[in-house]
Amino acid sequence: MVMELRVTLIGCGTVGQGLLEILRDRGNEVDRRTGVRIRIVGVADMKMGSAESPGGLEPAQLLAAARTGSFAGLPGAERRRDALGLIREVDADAMAEATFTNLETGEPALSHVRAALTLGRSVVTTNKGPAALALGELRALAARNRAAFLFEGTVMSGTPVIGLVEHSLAGDRIQELRGILNGTTNFILTKMEAGGSYGEALAEAQRLGYAEANPAGDVEGHDAQGKVIILAAALMETNLTAAQVPCEGITRITPDAIARARAEGKRYKLVGVVRRTGNGVEASVGPQALPLDDPLAGISGVMNAINFRTDLLGSLTVVGPGAGRVETGFALLADLIEVGRRLAR
Ligand SMILES: NC(=O)c1ccc[n+]([C@@H]2O[C@H](COP(=O)([O-])OP(=O)(O)OC[C@H]3O[C@@H](n4cnc5c(N)ncnc54)[C@H](OP(=O)(O)O)[C@@H]3O)[C@@H](O)[C@H]2O)c1
């Protein structure tokens with residue numbers, strides 16, 4: 001039996017379109033292999049407007065419209081309605097939230113997530129804001145309304161971290177995790193290790209589309225800090241604020257420091273740490289010169305990784321992409337399949 005999951009998609013930029021591409025290219029295979037059929041019954045985007053159809057909108061049509069920059073002409077197209085209106089008015093089982101991240105207020109995503117959960121709709125999101133600022137509140141709201149709040153894509157895009165710990169490591173206990181959680185800074189450090197200056201490495205990251213025109217969120221460590229806060233809350237039941245997580249980026253790492261580290265058999269990485277201590281849980285983000293036999297030392301370029309130290313397994317490292325259109329769209333897909341399976345039970 002196939003479970004049909006009616007989904008609204010809020011935010012149809014890189015990640016939203018990544019999800020639509022996967023649904024266009026292998027929607028039938030997903031139905032067959034997972035028993036969950038995902039129907040996009042509504043979509044809202046700031047620039048493109050909105051569209052809706054109770055029978056489902058075709059991913060290929062949505063992608064073609066997105067290329068023109070407008071959903072006008074699609075079923076139920078309504079350029080004036082905002083995302084909150086669509087969330088409230090279109091009947092759905094789940095919402096996929098992929099608007100931009102704001103780590104200070106969480107908005108507009110936080111309002112979208114609260115509205116959907118209050119209506120008993122499950123939420124999947126790649127947006128770090130709501131999970132970093134209000135995970136406890138949102139999980140409680142979800143539980144009260146018999147819905148799920150899933151956010152796998154907020155940490156390492158489609159590379160499984162939260163699901164891995166919640167499902168495959170259930171019963172084990174994480175003592176500490178250390179992660180390379182930002183691909184842009186890892187790319188810059190890798191280039192500097194090969195001999196470039198910070199400025200040259202950053203310019204190349206920008207040219208390749210890894211770093212934004214304003215790279216502050218990445219190079220000053222705030223993106224990694226948001227992920228550390230999510231990991232502490234999701235995996236170690238500890239709600240931390242940004243003020244409680246000391247954060248230093250990579251802007252002060254010089255080619256000299258990298259050369260000195262190399263002479264000592266070490267390599268600089270920007271490392272996010274979450275650790276249980278006698279007094280609870282502490283977390284930080286900062287550059288560390290790691291010995292070359294550290295599991296994180298060999299992670300190069302835009303790749304991300306997390307090394308877990310657990311009671312029963314010891315050291316376990318997950319390595320994979322931390323960004324990308326399809327990679328992050330896949331995170332939404334994986335969480336939607338999980339929502340569908342829960343609803344089918
Ligand atoms: N790209 C990645 O590799 C990646 C990886 C992990 C996590 N994420 C996270 O996933 C989310 C989406 O990323 P993205 O790369 O797809 O960003 P994006 O390309 O900028 O897409 C975001 C989309 O949301 C729209 N939007 C903004 N505010 C809205 C609102 N109030 N109502 C409806 N639509 C709204 C934007 O419209 P406008 O263009 O008009 O503003 C844009 O089309 C972000 O939170 C990001 O941090 C991304």
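## A walk from the helix pair to the open sheet

Helix 5 and helix 11 cross in a left-handed way, left-handed meaning that the near helix is turned anticlockwise from the far one by less than a right angle (clockwise would be right-handed). This is a predicted model, where local features need pLDDT of at least 70 and side-chain atom pairs count only at pLDDT 80 or more, while totals for chains, interfaces and linings use all residues. Residues are numbered from 1 along each chain as its sequence is written, and side-chain values use heavy atoms, with hydrogens and water left out.

Back to that crossing. The axes of helix 5 (residues 128-144) and helix 11 (residues 222-236) come within 8 Å and cross at roughly 20°. Axes here are lines fitted to C-alpha atoms, for helices over the stretch in contact, and angles run from 0 to 180 degrees between N-to-C directions. Helices (H or I, at least four residues) and strands (E, at least two) are DSSP runs, numbered from the N terminus. The angle makes helix 5 roughly parallel to helix 11; the cut-offs are under 35 degrees for roughly parallel, over 145 for roughly antiparallel, 65 to 115 for roughly perpendicular, and oblique for the rest. On the helix 5 side the contact is made by K128, A131, A132, L135 and R139, and helix 11 brings D223, G226, K227, I229, I230, A233 and A234. Contact means heavy atoms within 4.5 Å.

Helix 5 has another partner to look at. Its axis and that of helix 4 come within 11 Å and cross at roughly 10°, which makes helix 4 roughly parallel to helix 5. Here A109, L110, V113, R114, L117 and T118 of helix 4 meet P130, A134, E137, L138, L141 and A142 of helix 5.

Helix 4 (residues 109-118) is mostly covered, with seven of its 10 residues buried. Buried means under 20% relative accessible area, exposed means over 50%, and partly exposed is in between (1.4 Å probe, protein chains only). The buried residues are A109, L110, H112, V113, A115, A116 and L117. What covers them includes strand 1 (3-10), helix 3 (83-89), strand 4, strand 5, helix 5 and strand 6 (149-150). Both ends of helix 4 are worth a look in backbone terms. P108, in the loop between strand 4 and helix 4, is joined to E107 by a cis peptide bond with omega of about 5°. Just after the helix, G120 takes a positive phi of about 80°.

Two of those covering strands also belong together: strand 4 (residues 94-97) and strand 5 pair in the parallel sense over four bridges, where pairing requires that DSSP finds at least two bridges. M95 stands opposite V123 in strand 5. In a regular strand the side chains alternate between the two faces of the sheet. In strand 5 (residues 122-125), S122 and V124 point one way and V123 and T125 the other, and all are buried.

Further along sits T154, in helix 6 (residues 153-156), buried at a relative accessible area of 1%. Leaving aside neighbours within four places in sequence, T154 is in contact with T125, T126, N127, K128, K227 and I230.

Most residues other than glycine have a negative phi, and most peptide bonds are trans. S157, in the loop between helix 6 and helix 7 (162-168), has a positive phi near 45° and counts as buried at 1% relative accessibility. R146, in the loop between helix 5 and strand 6, has a positive phi near 50°, but R146 is exposed, with a relative accessible area of 79%.

Five strands form it in the order 9-8-7-10-11, with antiparallel pairing. Strand 9 (280-291) and strand 11 (314-320) stand at the edges, each with a single partner strand, so one side of each is left without a neighbour in the sheet. Neighbouring strands are turned by 20° against each other on average, direction ignored. Within the sheet, strand 7 (residues 174-180) and strand 8 (residues 266-277) pair in the antiparallel sense over four bridges, and R178 stands opposite V273 in strand 8. Helix 8 (residues 183-193) packs on the sheet, touching strand 7, strand 8 and strand 10 (304-310), and its direction makes about 145° with that of strand 8. Helix 12 (residues 255-263) packs on the sheet as well, touching strand 8 and strand 9, at about 80° to the direction of strand 8.
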